[in-house]
Amino acid sequence: MKAIVYTKYGGPEVLQVKEIDKPCPKDNEVLVKVHAASINDWDWGLLQGDFINRLLNGLMKPKKKILGSDIAGRIEAVGKNVTRFKTGDDVYGDLSGRWGGFAEYVCTPEKLLALKPHGMSFIEAAAIPQAAMLAVQGLIDKGRIQGGQKLLINGAGGGVGTFGVQIAKEYGVEITGVDSTHKLDMLRSLGFDHVIDYTREDFTKNGKQYDLVLDVKTNRSIFDYTRSLRPNGVYVTVGGSIGRLLQALFMGPWISMIQKKHIRIVALKANKDLLYMNELFGAGKVKPVIDGPYKLDEIEKAFRLFGKGEHKGKIVMTM
Ligand SMILES: NC(=O)c1ccc[n+]([C@@H]2O[C@H](COP(=O)([O-])OP(=O)(O)OC[C@H]3O[C@@H](n4cnc5c(N)ncnc54)[C@H](OP(=O)(O)O)[C@@H]3O)[C@@H](O)[C@H]2O)c1
């Protein structure tokens, strides 16, 4: 089978399309013929080999040589202890921690997968798992979003933000999106009520305040963010600079005690809310924003776009 392999950390140029052996499922695993896969920020970190990802995947060189967590495909074989799926089922899910999704076939434990609804294409399904889970868990589980609130999403034009706005619309909130100039029209068309171009305006310094801020970048001091919160407001981060995240972790309880504003961090529960996403998709309330699809041999180009932040929504590749 064909797979995108990397044997050293680096830029997109270290990714190579190679012919390797097709994997064989263990007793609790299924073999999936991958139809589509999407790129996540975590793939980018694992490719570059930043400090945290080297701790996860090898200090000097990557131990797991095939990236790719979000996949959609058809089950081609099942291990003898598999109970939820059968050959021919269409499935999707986030294989974070195992990876291996940027290949024609991947083996995975059945618990990492959900059935793909008939009306959802493989390309749409591959866009959903990680970004949509972060959006659901950030807005609902941690943010406890409620009708009538003012919500701001920082880094609104990527995976999490484009799902976030559609999920938040369900709650009847007023939503502001912050991203770069060339994404603002797309944000308006997705339903953001207001947009802010971060290259021209710092939302933490314009005097406006929000009940809920969902941040995918976390590149400012936590004190800047709390300035943008109304009394009892909640700031939820899904990721960003490690230094800023540590500050949020340690200062959060103090800020909560002194200012009555709340700082929360999402720890991704992979695949937890896929059935909820199936419901929203089925009701026509959420539609993934797809950049692409790109072909397997366009992987370098797709990663370059992702690395420069030029993508809109989710970059999806077909295998
Ligand atoms: N908590 C967990 O367990 C967990 C697990 C996995 C991933 N994550 C995190 O989840 C996040 C993934 O988000 P995503 O999929 O939405 O990423 P994404 O697709 O890369 O989107 C990020 C967006 O932010 C914009 N942006 C860049 N710099 C910005 C700035 N200074 N201010 C505002 N916007 C800015 C980018 O556009 P431009 O570049 O054009 O500006 C892009 O549209 C990452 O932070 C990742 O580390 C967390």
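In the predicted model, helix H4, which spans residues 129–142, packs against helix H5, formed by residues 159–169, at an angle of about 50° and with the two axes 8 Å apart. That angle makes H4 oblique to H5, and the crossing in which H4 passes H5 is right-handed. On the H4 side the contact is made by Ala131, Ala132, Leu134, Ala135, Val136, Leu139 and Ile140, which meet Gly159, Val160, Phe163, Gly164, Ile167 and Ala168 of H5. By class, the residues of this contact between H4 and H5 comprise eleven nonpolar and two polar ones, with no charged residue.

Helix H4 also packs with helix H9, which covers residues 274–282; here the axes come within 10 Å and cross at roughly 95°, and H4 and H9 are therefore roughly perpendicular to each other. In this second contact, Pro129, Ala132, Met133, Val136 and Ile140 of H4 meet Leu274, Tyr276 and Met277 of H9. The contact of H4 with H9 consists of eight nonpolar residues, with no polar and no charged ones.

A nitrogen atom of the ligand, in turn, is 3.5 Å from a polar backbone atom of Gly155.

Definitions and conventions: Residues are numbered from 1 along each chain as its sequence is written. This is a predicted model: local features need pLDDT of at least 70, side-chain atom pairs count only at pLDDT 80 or more; totals for chains, interfaces and linings use all residues. Side-chain values use heavy atoms; hydrogens and water are left out. Axes are lines fitted to C-alpha atoms, for helices over the stretch in contact, and angles run from 0 to 180 degrees between N-to-C directions. Helices (H or I, at least four residues) and strands (E, at least two) are DSSP runs, numbered from the N terminus. Angles under 35 degrees count as roughly parallel, over 145 as roughly antiparallel, 65 to 115 as roughly perpendicular and the rest as oblique. A crossing is left-handed if the near helix is turned anticlockwise from the far one by less than a right angle, and right-handed if clockwise. Contact means heavy atoms within 4.5 Å. Ala, Val, Leu, Ile, Met, Phe, Trp, Tyr, Cys and Pro count as nonpolar, Asp, Glu, Lys and Arg as charged, and the others, Gly among them, as polar. A polar contact is a pair of N or O atoms within 3.5 Å; within protein, one must be able to donate a hydrogen and the other to accept it, and residues adjacent in sequence count only if both atoms are side-chain atoms.
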